[in-house]
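Please keep the viewer open while you read my points.

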Amino acid sequence: MSVTVVGSVAYDALETPWGKRDRILGGAASHFSIAASFFTDVRLVGVVGEDFREEELDILRARKINLDDLQQVEGAKSFFWAGRYDYDLDVAHTLDTQLNVFAEFDPQLSEAARESRALFLANIQPDLQRRVRQQCGGARFAGLDSMNYWIDTAKDSLLETIGLVDAVLLNDAELRMLTGKPSLAQAARAIRELGPSTVVAKLGKYGAGLFTEEGFFALPSYPLETAIDPTGAGDSFAGGFLGYLATHEPPYSDDVIRCGLVYGSVLASFNVEAFGSERLQALTEKEIDERFREFKQMTHFEPLPARSLAARS
Ligand code: AMP
C-alpha cells in the first residue's frame, strides 16, 4: 500500500553547536518521504520554486520517491527555513520562515496520489493539509503533524483538520499548547475526543508515548553517542511510523501500531546523527533491522519477583 504525503519541501539553513549548513534539502515532506521510502512507495505532494536544484531532486529520486505531484513554479522561490539549536538540541529556535511558493499553493492531486491507502499531512498550513485530506478519499489511514508556528497562526483550522485524521503526531509542548491542557494524558485525551484514534507524543531525547483506545505505551529514545542535528527527526519518525503501518492492512492492531512506533524511533535516531537528511541518504535496510532489534532488547525485561518479598510472607 503506497503512502501520499503533503508538506513543506524546502531549503534549510541550520546551525547547531556541531556545525552549520547554509542551504540544504529540508522540509517536513522531504524528511518524511526519505524515511517512509525504506518501507513502501511514496508519492510526494508539494511545491518548489525555480531555485530548486536537480541536485536536491536527485536525493529524492534516489529513494524512488514519486515526484509527479511535486510542482515547480517558475519565477518563484522555494520555502526557506532557518533554525538554530543550543547545546542540548532540545528546542529549535526559528530564525526565519519564508513560505514563498507555499503561500499560493493549491494542490490538485493526481489520480494515483488520491488513491493511496495511507496519507500523511506533514507540517504545513492546516488549510492546505485539509484540502489534501478531502481529495484523498481512498485513504484508510491518515496521520498529521504540525508545529507551534501553525498553532499560533491557524489554530482553529488545525483543530478542524485534526478532526479528519486517524493519528496525530506532535511533540509534548505542541500537544499542551494546542489543547491548553497541563498534562500529556489530558492533552492526548482532548485530541482523541476530536476524532483521531491514535495520538503519538514525541518526547525528543526522552522517546515517545502512544495513546490509543487500548491505553498507553512508552518507548525510550535510542541512546545515541553522537547527536549532531535534530532537524527533521519528527518527520523521519512519522515516515518510519506510517511507512511501516502502510505495509499492513488497516484497521491496525495495537501490536502493529507499537511496532510502527519503534520503526519511527529507529528512523528518527539515525536522522539525528548528521545534518538534515544526510544520514538517511546513506542508510541501509540492514542498519534499520539491527537497530529495531536493539530496541527490542533495550525494552525487554523478565518479570522476576523480588526474593525478599517471598521470604517475608
Ligand atoms: P522537524 O525538525 O521534524 O520538526 O521538521 C523540520 C523541518 O520542518 C525543516 O526541514 C523545515 O524546512 C520544516 N519547517 C520549519 N518550519 C516550518 C513551517 N512553519 N511549516 C512547514 N514546515 C516547516
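Here are some notes on one strand and on a few charged pairs.

1. A word on the basis: this is a predicted model, in which local features need pLDDT of at least 70, side-chain atom pairs count only at pLDDT 80 or more, and totals for chains, interfaces and linings use all residues. Residues are numbered from 1 along each chain as its sequence is written, and side-chain values use heavy atoms, with hydrogens and water left out.

2. Start with strand S2, residues 10-16. Strands (E, at least two residues) are DSSP runs numbered from the N terminus, as are helices (H or I, at least four). Six of the seven residues of S2 are buried, so the strand is largely enclosed by the rest of the structure. Buried means under 20% relative accessible area, exposed over 50%, and partly exposed in between (1.4 Å probe, protein chains only).

3. A two-residue hairpin joins S2 to S3.

4. Now look for salt bridges: a side-chain nitrogen of Lys or Arg within 4 Å of a carboxyl oxygen of Asp or Glu. The whole structure has 21. One of them links lysine 202 and aspartate 145, with the closest N and O atoms 3.4 Å apart. This pair links distant parts of the chain, 57 residues apart, and both residues are buried.

How values were computed. Two strands pair if DSSP finds at least two bridges between them.
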